[in-house]
Amino acid sequence: IGQIGASDSYGTDVLTHAQGCGVDTTLVAAHPTASSGQAYIFLQESGENSIVIVGGSNQQWPEDPFSPEVHKAFSEGSMCLLQHE
């Protein structure tokens with residue numbers, strides 16, 4: 001379950017790679033106008049880092065993203081991996 005931007009290569013590259021690895025991506029949506037979310041990590045000489053986040057399609061979810069297909073996937077799945085940064 002996820003969302004990528006429909007008009008950039010970042011999301012489609014990740015989606016293609018995941019599919020090539022056997023990941024079921026049927027519940028990954030492509031947002032028609034937002035770009036794929038990205039994060040850039042800048043490392044300082046001191047060892048500290050700064051992260052700049054461009055939310056893109058990650059910030060453009062519909063009000064209720066849990067369609068009947070999503071509910072079915074959660075009830076039938078054997079694993080759920082969540083990421084929140």
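Me: Which strands each supply at least two residues of the nonpolar patch?
Reply: Strand 3 (38-43) and strand 4 (49-54) do. Strands here are DSSP runs of E with at least two residues, helices are DSSP runs of H or I with at least four residues, and both are numbered from the N terminus.

Me: What kind of model is this, and how are its residues numbered?
Reply: This is a predicted model, where local features need pLDDT of at least 70 and side-chain atom pairs count only at pLDDT 80 or more, while totals for chains, interfaces and linings use all residues. Numbering starts from 1 along each chain as its sequence is written, and side-chain values use heavy atoms, with hydrogens and water left out.

Me: Back to the patch: what makes it a patch, and which residues are in it?
Reply: Nonpolar side chains (Val, Leu, Ile, Met, Phe, Trp, Tyr) are joined within 5 Å, and like charges within 9 Å. This nonpolar patch consists of Tyr 10, Tyr 40, Phe 42, Val 52 and Val 54, and covers about 470 Å². Accessible areas come from the Shrake-Rupley method with a 1.4 Å probe, and for residues only the protein chains shown count as cover.

Me: Why is Val 54 called partly exposed?
Reply: Buried means under 20% relative accessible area, exposed means over 50%, and partly exposed is in between (1.4 Å probe, protein chains only). Val 54 has 39% relative accessibility, so it counts as partly exposed. Val 54 lies in strand 4, and Gln 38 stands opposite it.

Me: How do you know that strand 3 and strand 4 pair?
Reply: Two strands pair if DSSP finds at least two bridges between them. Strand 3 and strand 4 are joined by 6 bridges and run antiparallel, so they meet that definition. Across the pair, Tyr 40 stands opposite Val 52 in strand 4. The two strands form a hairpin with 5 residues between them, and Gly 47 in the turn has a positive phi of about 100°.

Me: Why do side chains in a regular strand end up on two faces of the sheet?
Reply: In a regular strand they alternate between those faces.

Me: What does Ser 50 touch, not counting residues up to four places away in sequence?
Reply: Contact means heavy atoms within 4.5 Å. By that test Ser 50 touches Tyr 40, Ile 41, Phe 42 and Gln 44. Ser 50 and Tyr 40 are 10 residues apart in sequence and 8.2 Å apart in space, C-alpha to C-alpha.

Me: Why is Ser 57 called buried?
Reply: Its relative accessible area is 0%, so Ser 57 falls in the buried class. Ser 57 sits in the loop between strand 4 and helix 2 (68-76). Leaving aside neighbours within four places in sequence, Ser 57 is in contact with Gln 3, Ile 4, Gly 5, His 31, Ala 34, Ser 35, Ser 36 and Gly 37.

Me: What about Pro 65: why is that residue partly exposed?
Reply: Pro 65 has a relative accessible area of 25%, so the partly exposed label applies. Pro 65, too, is found in the loop between strand 4 and helix 2.

Me: Why do Leu 43 and Val 14 count as exposed?
Reply: Leu 43 counts as exposed because its relative accessibility is 66%, and Val 14 because its value is 57%. Leu 43 is in strand 3, and Val 14 is in helix 1 (residues 9-20). With neighbours within four places left aside, Leu 43 is in contact with Glu 48 and Asn 49.

Me: How does the radius of gyration of the chain stand against a compact globule?
Reply: The radius is taken over C-alpha atoms, and the globule rule is 2.2 Å times the number of residues to the power 0.38. For 85 residues a compact globule would have a value near 12 Å, but this chain has 15 Å. The C-alpha atoms fill a box of roughly 50 × 30 × 30 Å along the principal axes, and buried residues make up 20% of the 85.

Key. Patches are made of residues with over 30% relative accessible area and no salt bridge: like charges are joined within 9 Å, nonpolar side chains (Val, Leu, Ile, Met, Phe, Trp, Tyr) within 5 Å. A salt bridge is a side-chain nitrogen of Lys or Arg within 4 Å of a carboxyl oxygen of Asp or Glu.
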